[in-house]
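Here is a short tour of a protein model, written for someone who likes to know the cut-offs behind each term.

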Amino acid sequence: MAHWPVNPTQITRYLIDMVAINSINPSIAPDGPGEAEMAAWLIETCQTLGLETREQDVVPGRPNVIARWPGTGGGRSILLTGHTDIVQVDNMTIDPFTARISDGRMYGRGTLDMKSGLAAVLGAVMALREGGFKPAGDIILGFVVDEEFGSLGTHALLNEIKTDGAILSEPSGLSIAIAHRGFAWVTLKTQGKAAHGSLYGVGVDAIAHMGRLLTALEKMEKDVFPRHIHPLLGRPSAHASLIDGGLGISTYPDACTVKIEHRPLPDETPESVLSLWHETIDRLSAGDPRFSATVELDLFQPGYELDPQAPLVKTLESAYETTLGKRPVVHGMFGWLDSALLSMAGIPTVIIGPSGEGSHAAVEYVEMDTVFHCAAVIAEAVSQWCG
Ligand SMILES: [Zn+2]
């Protein structure tokens, strides 16, 4: 298919081996063993591919792997990156760690998210090696821990690595993704006044007052967010995730807390998310002196977008067309990815990975032909970028 000799048998073997390694993120499941065994396997495999390798300690027992194919000089460098952790498996209805292949699909935890992306990167490097490629710019492989929780791996990697571009092989359905939304966690609190349930003149109902903020949330969802449109990502969104309040059935509640998740577009900031709520609280307070509420931003991860005309996007488009004989779909993804962190560190990043279904779900699989295609596209893109 491509002009770099991708080896489907070897890529399949890589993926079966990686699926067999339990690398559940211990921050998600306390009995998760973490990424150390994956790191050892990757070091060995990258050495077999002739790369310089090292572990980078992120937290004790949870190393990143950095592998390097040094360029001859004068070319652009690239980072090929992806995460080695997986999420919990107790919700799965298939064997998580014994890969099963049926009808061109491989089943198991991490087959899609994202050990197939790692297999595609290894397959791409192998194809370039066997095809006799001599890069001018450095090719860096960065296999990172903890993407599924706090992205500690990418934060650590960026302390040491700076390249002219990055390809993140998270599952993108084999299309080229250049944007995604962020996420923000907001805590709203209403302050009431506790009183005996019969004392309507004394008690202030914090839960009913929270209802006013929830009505405001529905109004944002219905009237505000649909008018804020990104060409690749559509509108932002927010939903109430958790609620807590009340002292007893016969008591006016003194407080109510709601946690909201907001999924911002790339142009939204911590300040803009907070100001939506400050305006709402100010308006409600002005209309009722007994209304009292606060808002806090617990976490803000920004959205990401790369200019569709950026040289890296053009390289990926050209590599895709050369390899697969058709124009790629260029789009945005729903979820948050480490690409936002790479971009904040000044590394333009394109996301391309295989297709399948069931990330984090009961049944997870990847379409194997898309893994091979992904490897071929990455190989061609690297040869054009670093050549
Ligand atoms: Zn992932």
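Over the face of which residue does Arg76 lie? Arg76 lies over the face of Trp385, at 3.9 Å from the ring centre.

## Ground rules

This is a predicted model, in which local features need pLDDT of at least 70 and side-chain atom pairs count only at pLDDT 80 or more, while totals for chains, interfaces and linings use all residues. Residues are numbered from 1 along each chain as its sequence is written, and side-chain values use heavy atoms, with hydrogens and water left out.

## The chain as a whole

The secondary structure of the protein chain comes to nine helices and 17 strands. Helices (H or I, at least four residues) and strands (E, at least two) are DSSP runs, numbered from the N terminus. Along the principal axes, the C-alpha atoms of the protein chain fill a box of roughly 85 × 45 × 40 Å.

Of the 387 residues in the protein chain, buried ones make up 53%. Here buried means under 20% relative accessible area, exposed means over 50%, and partly exposed is in between, with a 1.4 Å probe and protein chains only.

## Aromatic pairs

The structure holds six aromatic pairs. Rings of Phe, Tyr and Trp (its six-membered ring) pair if their centres lie within 6.5 Å; planes under 30 degrees apart count as stacked, over 60 as edge-to-face and the rest as tilted. One of the pairs joins Tyr14 and Trp41: the ring centres are 5.8 Å apart and the planes stand at 90 degrees, so this pair is edge-to-face. Because Tyr14 lies in helix H1 (residues 8–19) and Trp41 in helix H2 (residues 36–48), the pair ties together parts that are 27 residues apart in sequence. Both Tyr14 and Trp41 are buried.

The rings of Tyr107 and Tyr365 have their centres 5.4 Å apart and their planes at 50 degrees, so the pair is tilted. It links distant parts of the chain, with Tyr107 in strand E5 (residues 105–107) and Tyr365 in strand E17 (residues 365–367), 258 residues apart. Tyr107 counts as buried at 13% relative accessibility, and Tyr365 is buried as well, with a relative accessible area of 9%. Elsewhere, Trp4, Trp69 and Phe133 form one aromatic cluster.

## A charge over a ring

A charge sits over a ring if NZ of Lys or CZ of Arg is within 6 Å of the ring centre and within 35 degrees of the ring normal.

## The largest pocket

Rolling a probe the size of a water molecule over the atoms shows where empty space is left. On a 1 Å grid over the protein atoms alone, a pocket is an open set of points where a 1.4 Å probe fits, with protein on both sides within 12 Å along at least five of seven lines, and lining residues have an atom within 4 Å of a point. About 590 Å³ of space lies in the largest pocket, where the volume is the space filled by probe spheres set on the points, and grid points are joined across faces, edges and corners.

Which residues lie nearest the centre of the largest pocket? Among its 19 lining residues, these are Glu147, Glu148, Phe183, Trp336 and His360. The lining divides into eight nonpolar, five polar and six charged residues; Ala, Val, Leu, Ile, Met, Phe, Trp, Tyr, Cys and Pro count as nonpolar, Asp, Glu, Lys and Arg as charged, and the others, Gly among them, as polar. Strand E9 (183–191), strand E11 (255–263) and strand E12 (293–301) each supply at least two residues of this lining. Domain 1 (8–180 + 303–386) and domain 2 (183–301) each contribute at least three residues to the lining, with bounds from an automatic or database domain assignment.

## Backbone details

The peptide bond from Asp113 to Met114 is cis, with omega near -10 degrees, and Met114 is in helix H3 (residues 111–130). Asp103 is not a glycine, yet has a positive phi of about 50 degrees; Asp103 is exposed, with a relative accessible area of 77%. Leu174, also not a glycine, has a positive phi of about 60 degrees, but Leu174 is buried, with a relative accessible area of 9%.
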